[in-house]
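User: I'm new to this. Can you walk me through how to read a structure like this one?

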Amino acid sequence: MTEFAEPKRPMSQKKAREFIADAHLVLRDRETRHYEVVTQSGTILGHVEPAYKTGRRSGWNGWAAGSIRSSTLPAHPTRDQAGAEALRQWIALATAKPRSS
């Protein structure tokens, strides 16, 4: 598996969508239910994990996704929706103009 690396930018919307066309969820840790969004070539584009809400008796309340790990990510009702959000975030990163230092 190729580690997550920031894409070369700026990439066109068309190129970014072609790059993610074959992306799918891969279970990385059965115990914690962490998934990665991965292309056929093994490039990791993001992650999906259970979203926990403080004070909930039933534990987690959906799926969080992103290109970074954070406890503040919004929850999505399904893994697939969270995976789509991770891809949307990746496209936004890939197509953004680099910040000047």
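Analyst: Let's take the core, then the strands. This is a predicted model, in which local features need pLDDT of at least 70 and side-chain atom pairs count only at pLDDT 80 or more, while totals for chains, interfaces and linings use all residues. Residues are numbered from 1 along each chain as its sequence is written, and side-chain values use heavy atoms, with hydrogens and water left out.

User: Which residues have the most contacts inside the largest nonpolar core?

Analyst: In soluble globular proteins, nonpolar side chains tend to be buried together. A nonpolar core is a set of buried Ala, Val, Leu, Ile, Met, Phe, Trp, Tyr and Cys residues joined through side-chain atoms within 4.5 Å. Buried means under 20% relative accessible area, using a 1.4 Å probe and protein chains only. Here the largest core has 14 residues, and Ile20, Val37, Leu45, Val48 and Trp90 have the most contacts inside it.

User: Which element gives the most to this core?

Analyst: Helices (H or I, at least four residues) and strands (E, at least two) are DSSP runs, numbered from the N terminus. Helix 2 gives the most, with six residues.

User: And how many residues of strand 2 are buried?

Analyst: Four of its five, so strand 2 is mostly covered, going by the cut-off for buried.

User: What does strand 2 pair with?

Analyst: Two strands pair if DSSP finds at least two bridges between them. Strand 1 (residues 24-29) pairs with strand 2 in the antiparallel sense over five bridges, with Leu27 opposite Tyr35. Strand 2 and strand 3 also run antiparallel, joined by four bridges; Val38 has Ile44 as its bridge partner.

Definitions and conventions
Buried < 20%, exposed > 50% of the residue type's maximum accessible area, 1.4 Å probe, protein only.
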